[in-house]
Amino acid sequence: GAGVGATCLLDGLDAASTLLTFEQDEPVLGIARAHIGEDRRVTFVHDDAARVLRRRDLGTFDLIFADAVAGKYELVEETLALLAPGGI
C-alpha cells in the first residue's frame with residue numbers, strides 16, 4: 001500500500017526487472033508514489049486486489065508477494081495460477 005514492501009522488493013531487483021503493485025486506497029497509494037514513483041521499474045495500479053487477481057490479461061509472474069487478504073487468504077488458486085513455471 002504505502003510502498004514498504006515494494007521498496008524492499010525493488011532493492012533486490014536488477015535493472016531489467018519490473019514490479020507491479022496495486023492498492024485500493026488512493027491516498028495510501030499516493031504515499032508510495034511519492035517515495036518510489038521515480039523508479040522506472042515500478043508500475044502502480046489503483047484497484048482492489050481481488051479484482052486484479054481475477055483479470056485474465058496479467059500474464060505470469062516470476063515472484064508474487066501477496067501482502068493483501070486477496071492472494072494471501074482468499075483467491076489463493078487464482079494467485080498461484082499467475083506464477084510462471086518455477087515461480088515463487
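This is a predicted model: local features need pLDDT of at least 70, side-chain atom pairs count only at pLDDT 80 or more; totals for chains, interfaces and linings use all residues.

Biologist: What is the volume of the largest pocket?

Modeller: The largest pocket is lined by 37 residues, and Leu19, Leu20, Thr21, Phe22 and Phe65 lie nearest its centre. Its volume is about 920 Å³.

Biologist: Which element gives the largest share of the lining of the largest pocket?

Modeller: Elements that give two or more residues to this lining include α1 (4–12), α2 (26–36) and β1 (19–23). The largest share is five residues, and the element they come from is β1.

Biologist: Is Arg41 buried or exposed?

Modeller: Arg41 forms a salt bridge with Asp39, at 2.7 Å from N to O. Asp39 has a relative accessibility of 22% and counts as partly exposed. Buried means under 20% relative accessible area. Arg41 has 16%, and therefore Arg41 is buried.

Biologist: Which residue forms a salt bridge with Arg33?

Modeller: Arg33 is partly exposed at 34% relative accessibility. The closest N and O atoms of its salt bridge are 3.0 Å apart. The partner is partly exposed, with a relative accessible area of 34%, and is Glu26.

Biologist: Is Asp67 buried or exposed?

Modeller: Asp67 and Lys72 meet in a salt bridge of 3.6 Å, N to O. Lys72 is partly exposed, at 36%. Exposed means over 50% relative accessible area. Asp67 has 55%, so Asp67 is exposed.

Technical notes. Residues are numbered from 1 along each chain as its sequence is written. Side-chain values use heavy atoms; hydrogens and water are left out. On a 1 Å grid over the protein atoms alone, a cavity is a set of points where a 1.4 Å probe fits but cannot get out, and a pocket is an open set with protein on both sides within 12 Å along at least five of seven lines; lining residues have an atom within 4 Å of a point. Grid points are joined across faces, edges and corners, and a volume is the space filled by probe spheres set on the points. Helices (H or I, at least four residues) and strands (E, at least two) are DSSP runs, numbered from the N terminus. A salt bridge is a side-chain nitrogen of Lys or Arg within 4 Å of a carboxyl oxygen of Asp or Glu. Buried means under 20% relative accessible area, exposed over 50%, partly exposed in between (1.4 Å probe, protein chains only).
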